[in-house]
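Hi,

Here is the structure I promised to pass on. My notes on what turned up in it follow below.

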Amino acid sequence: GFNIPIPQVDEEQDNRQLHLDSHIESLRKNLITELNDLKMDKEKVRLEIVSQLDHPLSVALIHARFIQLIENQKPLSVKYYERVKKEVAHVPLLKVVVDKIPDSVITEGVESSLSLSKQFNELHNIQLEGLSQHESQDVETCTSLLHQFSTNPPQGLVTGNDLSAIISRACYYNSQGIISGTLNELEKLEKQHTQKLIFNSWINKARDYVYVEHLLHVFSIYLKNSIKQLS
């Protein structure tokens with residue numbers, strides 16, 4: 001799985017990313033206006049500078065498309081994915097993350113963080129119901145876990161690697177909208193653990209979301225550096 005330690009993007013940074021492509025377009029227009037005033041003997045210089053803006057602009061559009069991918073929860077499409085790969089082929093930083101985009105993102109799309117958070121809560125409720133109806137011989141353990149979940153709701157990050165601690169931390173991260181944190185906690189459960197099986201579908205969706213979130217972060221770094229170089 002993708003247990004990638006990814007810094008959580010706050011709301012302010014999200015807004016900067018959403019407007020990054022328009023910021024670049026504004027910069028491009030201003031530069032073109034100024035360069036158009038140059039004498040004809042400097043036309044070669046003007047064209048060279050303008051051409052330097054073409055790739056960052058294309059990347060900004062791809063960046064915006066991936067944001068829409070999450071917001072609209074629609075597939076990326078194989079055709080568009082091939083265009084993206086071609087566009088970033090000569091930029092190693094971008095090529096690495098684009099080449100590793102999961103197939104499910106291309107064919108099925110990505111769930112939004114809000115949708116994933118809601119689904120997690122629903123599955124957590126199913127998990128609690130399952131514990132209360134458990135009919136195995138280890139009734140005492142199930143009763144103890146159910147008691148912990150119901151009487152000690154997550155108030156923050158707790159320590160320990162037992163089931164209740166892992167689920168409590170997962171719930172905490174989910175309440176904070178940190179999908180990557182919730183995913184990392186659930187990944188700690190053993191592969192065939194009954195409680196992990198309940199979350200299997202959610203885990204797969206969350207992996208896709210976290211990967212696209214990582215991709216957006218990498219694209220954002222590239223665009224910011226491109227703007228600095230052109231300033």
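Predicted model: local features only at pLDDT ≥ 70, side-chain atom pairs only at ≥ 80, totals over all residues.

Residues are numbered from 1 along each chain as its sequence is written, and side-chain values use heavy atoms, leaving out hydrogens and water.

There are four aromatic pairs (Phe, Tyr or Trp rings, the six-membered one for Trp, with centres within 6.5 Å). In the Phe66–Phe219 pair the ring centres are 6.3 Å apart and the planes at 65 degrees, so it counts as edge-to-face (planes over 60 degrees apart). Phe66 sits in helix α3 and Phe219 in helix α12, so the pair ties together parts 153 residues apart in sequence (helices are DSSP runs of H or I, at least four residues, numbered from the N terminus). Ring pairs also join Phe120, Phe199 and Trp202 into a cluster.

Phe66 and Phe219 come up again in the largest nonpolar core, which has 46 residues; they are among those touching the most other members, as are Leu94, Val98, Ile101, Leu186 and Trp202. Such a core is a set of buried Ala, Val, Leu, Ile, Met, Phe, Trp, Tyr and Cys residues joined through side-chain atoms within 4.5 Å. Helix α12 gives the largest share, 13 residues.

Cheers

Key: Buried < 20%, exposed > 50% of the residue type's maximum accessible area, 1.4 Å probe, protein only. Helix = DSSP H or I, 4+ residues; strand = E, 2+ residues; numbered from the N terminus. Phe/Tyr/Trp six-rings, centres within 6.5 Å; stacked < 30°, edge-to-face > 60°.
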